[in-house]
Amino acid sequence: MPKKEIIAMLLAGGQGSRLECLTRNIAKPAVAFGGKYRIIDFSLSNCINSDINTVGVLTQYKPFLLNSYIGIGTPWDLDDANGGVHILPPFVDEKGGSWYKGTANAIYRNIDYIDQYDPEFVLIISGDHIYQMDYSLMLAHHKAQKADVTVSVIEVPLEEASRFGIVVADAQGKITKFVEKPAKPESNLVSMGIYIFNWRLLRKTLIEDEGNAQSENDFGKNVLPLLMEQKKKLTAYRFEGYWKDVGTIESYYEANMDLLKKQPEFDIFNAKKNIFTNTGIFPPHYIGKKGVIRNSLISNGCTILGEVINSILGPGVYVGEGTRVEDSILLPSCKIQQECFIRKTIVGEGTVVRPYCSIGIKAGEQPKQAGITVIENDSEILEDTQLEEGRNLYRSTVA
């Protein structure tokens, strides 16, 4: 393979258990988002928009949909014969095999893949964040600072900071302290889980970390603190655009609803920063004579015979006559039949809601997960079902 200046390694193997039934049968990066997209589209699009044409995608949990969706990377222009996108699942070698033990172990297990490109730098990114970022600007910062590692950081409200790795940096941007998910954060500057490493240093460090039986083989918990101890130069790259970790039902719902704001922070219509996707072939959407749509995103292949208010509909969604959908996210190919009421609900892919159902009605007590109801993919809600807001509905409980 020709030598590359930089390649990307995209961590896409997590279960995403905090997304409840949305990820029971698919990996989190494969979850639909914003109507026509899937979460992984944003990281893959960022790579090609940053002129990074070699991406290793590390999969593990329920990978079939994700693998078939990515294919050879054609929708993202990542089908380059001298690079392209490659699916990298756990494998067996002469010493045996196991699941990836942590984020650092996942990269360690793929050293041979990286070595074939002999890159100067390796970009580590995640497949479960919503953002648009030009990684070439981060790389330029890394070179200018003559850094060993650059960590992309963003400010968050202090009350949310304990969910992330906390970064303390001096006036020049040099990182002086890094603590993974502390109970009492001393800074609201957090790691976005996006790193650029000098490959030779990272390679050596991964081997050292793998040899430590006490390590959890994690970048935030082990690799970055080890490099801090070794007095390597870690710098912070401040990102000021929109970025959302959609690891919970609430954050996933909020990020989708952010797209419907009058002046959204995250503009999916920006032609200079295209988000590429593999949505398949659908006919145009159809709005019936009694169809009403207000402040909503409607994807190709939808049929709207009822009302859709402040909602996001994926490709191939059907909304029957007399049905009202409000403040909801209908994932691809779900069918809401006639005379239903759907409020503040995430309806899973391929789900069928039979006539006369009311979902997301006000609960008698304080609902969990901010009152957001979630229905698992490929479920069937029987006729005349009444469901209070805030529930997670698995197929075994609704059919």
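These legends accompany close-up views of a predicted model. Local features need pLDDT of at least 70 and side-chain atom pairs count only at pLDDT 80 or more, while totals for chains, interfaces and linings use all residues. Residues are numbered from 1 along each chain as its sequence is written, and side-chain values use heavy atoms, with hydrogens and water left out.

**View A. Cysteines without disulfides.** A disulfide is a covalent bond between the sulfur atoms of two cysteines. The criterion here is a pair of cysteine sulfur atoms within 2.5 Å. Searching the whole structure turns up zero disulfides. For Cys21, the closest cysteine sulfur is that of Cys334, 13 Å away and too far for a bond. For Cys302, the closest cysteine sulfur also belongs to Cys334, at 8.3 Å, again too far for a bond. Cys21 is buried, at 2% relative accessible area. Cys302 is buried at 1%. Buried means under 20% relative accessible area, exposed over 50%, and partly exposed in between (1.4 Å probe, protein chains only).

View B. Helices (H or I, at least four residues) and strands (E, at least two) are DSSP runs, numbered from the N terminus. Two strands pair if DSSP finds at least two bridges between them. Strand S11 (residues 165-169) pairs with strand S12 (residues 175-180) in the antiparallel sense, over five bridges. Val168 sits opposite Lys177 in S12. Five residues lie between the two strands of the hairpin. In the turn, Gly173 has a positive phi of about 90°.

**View C. The buried side of helix H5.** Tyr135, Met138, Leu139 and His142 are buried in H5 (residues 135-144). They lie on the same side of H5 because they cover an arc of only 100° around the axis. The arc is that of the directions from the helix axis to the C-beta atoms. Lys146 follows H5 and has a positive phi, near 50°.

**View D. An open parallel sheet.** Six strands run in the order S16-S19-S22-S25-S28-S31, with parallel pairing. Strand S16 (286-287) and strand S31 (380-381) are the edges, each pairing on one side only. S16 pairs with strand S19 (residues 303-304) over two bridges. Tyr286 stands opposite Thr303 in S19.

**View E. Helix H8 and its strand contacts.** In H8 (residues 249-258), eight of the 10 residues are buried. Among them are Ile249, Tyr252, Tyr253 and Met257. The buried residues of H8 pack against several strands, including strand S2 (32-33), strand S15 (243-245) and strand S30 (373-375). Contact means heavy atoms within 4.5 Å.
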